[in-house]
Amino acid sequence: MKQLVVISGKGGTGKTVVSGSLAALAKNKIMVDCDVDAADLHLLLHPTIKERHEFRSGQTAIIDKKLCKKCGKCIPVCRFGAVKDDFTVERFSCEGCALCSHICPHGAIRMEENVAGEWFISDTHYGPFVHAKLGIAEENSGKLVAKIRQIAKEIAEKQALDYVIIDGPPGIGCPVIASLSGVDCALIVTEPTLSGLHDAERVMEVAKHFNIPVKLVVNKYDLNTAVTAKIEAFCRERDVSVAGKIPFDKTVVEALVEGKTIVEYAACPAADEVKNIWEGLR
Amino acid sequence: MIISIASGKGGTGKTTVAVNLALSLKNIQLLDCDVEEPNAHLFIKPRIKEEVKACIPVPEVDETKCNYCGKCREVCAYHAIAVLPGSEGRKGSVLIFPHLCHGCGACSLLCPQSAIKEVNKEIGVIEIGEKDHMQFVHGRLNIGEAMSPPLIRQVKKYINPTRTVIIDAPPGTSCPVITAVKGSDFCVLVTEPTPFGLNDLILAVEVLRKLQIPFGVVINRSDIGDGKVDSYCQEENIPILMKIPFSREIAVSYSEGVPIVKKDNSYQDKFINLYLNICAIKNEAISRH
């Protein structure tokens, strides 16, 4: 069984469009959407949810007004500025460290576990799909990513699947690191812009930092062939192979609007290139 | 006034809006709070005058004072400390995992032996600069660091209240975004008229309603996709502040790191208009209260 993650550094370069097409092209696999705070892959895979689970993670401090003597000890110790002058806790600032509850001489502060989101096991036309929804303004997205990856891996092992294909989040922080760890290959999707190059370079360094083999795809490569050439040269320098170059193609947005993967929607140059990319990856 | 530019979905044009808005107005401070992947500097090309290391406090144990009681492990909510008690003839030991540490200070404050002090661990850098009359600050998270919110908070300490502050936020709906937009007077949500854009816009709207920050929407590449973002905004009574049609000129100019207002100054009026729309909504909200 092989695990492949699609990441990008910069958002909006086409991760989910590529992942959705891989769902249609790869056989005998499980799909995972690890962009848990803005998940979109379900809009292409149209899952039927089979199992729904609460994701409990982290804590929030609650001050009991009856026990609180307003001595003020909790306010200066909070490094996150979450305890307000009126002895209430601002939920979005509280990181659940519980220092206030330890320091309170009157036992007036208790910690409550957060329901930080939900995760799902679904059926799709493309096989099993594990996805999640982080609660609005919640934290611990990295832990939720780790959770659904573990579930997907267990299903893959049980059903003797060949691939775990992961649609990753943008950025280089905690959910990206959780999406990357232990995969066999990270496919970086970027675009021929200076931002795309800058961000791909950073996420590539993150992958290198965790010893993950990397391949790169340039999406909409013909929007700026000079920057595409720069990206290719940059990849050569680092011994990273360019798995493909997808042309700018208005059919991609049309397919998206219809909720379909490009390889299934219509024969078009972008779909052809994605097929080539998959042939090279498998 | 502090205006943050955010979006649920990545790549919708946050940086385009932040940079061009900043260049169209006077007396501006631009803060790039997308510290995982900062891009605004590629367009502004600021002259960096000062570089500051951004650190978080992590514990360091003085093993001559430590008696391996395990209190620090017990109070650490993030499992960043492990304590192996000693046994006969063998010293105990304390293991610290700095990547899990949130820097809350509980271990050092609550250690009965006062054996823990905090030392600085670098998580990134903050660069402060300027371009013409614009003040510019951004943060850059170190490779391999997981936690961006502490760095975002440190970037925001440089907010200059005498200026109109524009914050370029990271994508998503979780802690980095919350940290970046919190305290803003207004938030501009940039989206695109596709099912992905709409799905993530709805999530971002929920975030801003929870945080009680007034907001409006900019629809980028407004002539591709479908009309569902428009009808969603109408149903939800969300003001559409600006529409930017897809143009190859903007796409190419973006790809080269050139702000569109520098290439075609007719865009300047459009971004000034965006600012006036924001002010009108703010004023209306104030007069209602």
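Modeller: Let's start with chain B, where the C-alpha centres of domain 1 and domain 2 are 41 Å apart. Domain 1 of chain B covers 2-55 + 123-288 and domain 2 covers 63-114, with bounds from an automatic or database domain assignment. This is a predicted model, in which local features need pLDDT of at least 70 and side-chain atom pairs count only at pLDDT 80 or more, while totals for chains, interfaces and linings use all residues. Residues are numbered from 1 along each chain as its sequence is written, and chains are lettered from A and ligands numbered from 1 in the order in which they are written.

Now to the part I'd like to zoom in on, the sheet of chain A. Nine strands form an open sheet with mixed pairing, in the order β3-β4-β5-β2-β6-β1-β7-β8-β9. Strands (E, at least two residues) and helices (H or I, at least four) are DSSP runs, numbered from the N terminus, and two strands pair if DSSP finds at least two bridges between them. At the edges stand β3 (48-63) and β9 (241-246) of chain A, each with a single partner strand, so one side of each has no neighbour in the sheet. From one strand to the next, the twist averages 20°; for such angles, axes are lines fitted to C-alpha atoms, for helices over the stretch in contact, and the values run from 0 to 180 degrees between N-to-C directions.

Look next at β2 (residues 29-33) and β6 (residues 163-167) of chain A, which pair in the parallel sense over five bridges. Here Met31(A) faces Ile165(A) of β6(A). Helix α11 (residues 269-281) of chain A packs on the sheet, where it touches β1 (2-7), β8 (214-219) and β9 of chain A. The direction of α11 makes about 160° with that of β9(A). Contact means that two C-beta atoms, placed from the backbone, lie within 7 Å.

The largest one has 179 residues, and Ile148(A), Ile188(A), Ile166(B) and Leu189(B) have the most contacts inside it. Such a core joins buried Ala, Val, Leu, Ile, Met, Phe, Trp, Tyr and Cys residues through C-beta atoms within 7 Å, buried meaning 20 or more other C-beta atoms within 10 Å of a residue's own. Helix α7 (residues 195-211) of chain B gives the largest share of this core, eight residues. Among the residues that Ile148(A) touches are Val32(A), Cys34(A) and Trp119(A).

Key. Buried ≥ 20, exposed ≤ 12 C-beta atoms within 10 Å, placed from the backbone. Lists of a residue's contacts leave out its neighbours within four places in sequence.
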